[in-house]
Amino acid sequence: MMIPTQVTMIPLFIMFEKFGWVGTPLPLIIPSFFGVPLYIFLLRQFFLGLPTELLDSAGIDGAGEFRIYWQIMLPLAKPAVLAVGLFQFMASWRDYIGPLLYLTEPGSYTLSLGLQQFHNLRGAEWGLMMAVATMMTLPVVVLFFFLQKTFIRGITFTGIKG
C-alpha cells in the first residue's frame, strides 16, 4: 500500500510487454483480479468483525471450511464485497495512465483517454466535451444509485469491531 504506482509502472510495462499483452486490454483487466492491498485490508477487517460463534456452530454441525465460507461468511459479507467492487469499478473507470501506457490503437481507447484525444484533435469544444464527460459519469451514478444502501452499509460495517 505504501509503494506508489509510479515506482511499479516501468517493471509492470516490461512484464506485460514480455507477455505480449501491450496493445490489448489484458493489462487493464487481469491485475484487478489479484487484489488491491487496501481492498484486502477492508475485507479482512470486515471478516474479523463477524462473530466467531457462527463459524464454531457451523463447524459443530459438520460443515466444512468451504461450506462455512460459501453459505455463512460470504452472504454476511455481501455489503463489504459490493463496496469493494464499487471502489474497484470506479478506480478502473476513471483510470487514465493505465490505458495510456498499454493501449496502442485509438479504437481500443477507454473513454477517459478518448476524451483527452478528442481535446487534442479538436481543441476546446467545451459543449461536446461536457456532453461526453456527463456520459462518462452516468454509469457510476446509476451504479451507485442502485447499490446505495448496500454501499453505505458496507462502508459503515467495514472495519468496525463489535
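Visitor: Leaving aside its neighbours within four places in sequence, which residues is Ser112 in contact with?

Guide: Ser112 is in contact with Asp95, Tyr96 and Met136, where contact means heavy atoms within 4.5 Å. The model is a predicted one, in which local features need pLDDT of at least 70 and side-chain atom pairs count only at pLDDT 80 or more, whereas totals for chains, interfaces and linings use all residues. Residues are numbered from 1 along each chain as its sequence is written, and side-chain values use heavy atoms, with hydrogens and water left out.

Visitor: Why is Ser112 called buried?

Guide: Buried means under 20% relative accessible area, exposed over 50%, and partly exposed in between, with a 1.4 Å probe and protein chains only. Ser112 has a relative accessible area of 14%, and is therefore buried. Ser112 lies in helix 8 (residues 111-122); helices are DSSP runs of H or I with at least four residues, strands are runs of E with at least two, and both are numbered from the N terminus.

Visitor: What makes Phe16 and Trp21 a stacked pair?

Guide: Rings of Phe, Tyr and Trp (its six-membered ring) pair if their centres lie within 6.5 Å; planes under 30 degrees apart count as stacked, over 60 as edge-to-face and the rest as tilted. The structure holds 9 aromatic pairs. For Phe16 and Trp21 the values are 5.5 Å centre to centre and 20° between the planes, hence a stacked pair.

Visitor: Why is the pair of Phe16 and Tyr102 called edge-to-face?

Guide: Phe16 and Tyr102 have 80° between the planes and 5.3 Å centre to centre, values that give an edge-to-face pair. Phe16 lies in helix 1 (residues 5-19) and Tyr102 in helix 7 (residues 97-102), so the pair ties together parts that are 86 residues apart in sequence. Ring pairs also link Phe13, Phe19 and Trp21 with Phe16 and Tyr102 into a cluster.

Visitor: Why is helix 6 called roughly antiparallel to helix 9?

Guide: Helix 6 (residues 78-93) and helix 9 (residues 126-146) pack at an angle of about 175°, with their axes 11 Å apart. Therefore helix 6 is roughly antiparallel to helix 9, the cut-offs being under 35 degrees for roughly parallel, over 145 for roughly antiparallel, 65 to 115 for roughly perpendicular and the rest oblique. The contact involves Leu86, Phe89, Met90 and Trp93 of helix 6 and Met136, Pro139, Val140, Leu143 and Phe144 of helix 9.

Visitor: What makes Glu125 and Arg122 a salt bridge?

Guide: A salt bridge is a side-chain nitrogen of Lys or Arg within 4 Å of a carboxyl oxygen of Asp or Glu. The closest N and O atoms of Glu125 and Arg122 are 3.9 Å apart, and the two residues form a salt bridge. By this rule the count comes to 1 salt bridge. Glu125 has a relative accessible area of 30%, and is therefore partly exposed.

How values were computed:
Axes fitted to C-alpha atoms, helices over the stretch in contact; angles between N-to-C directions.
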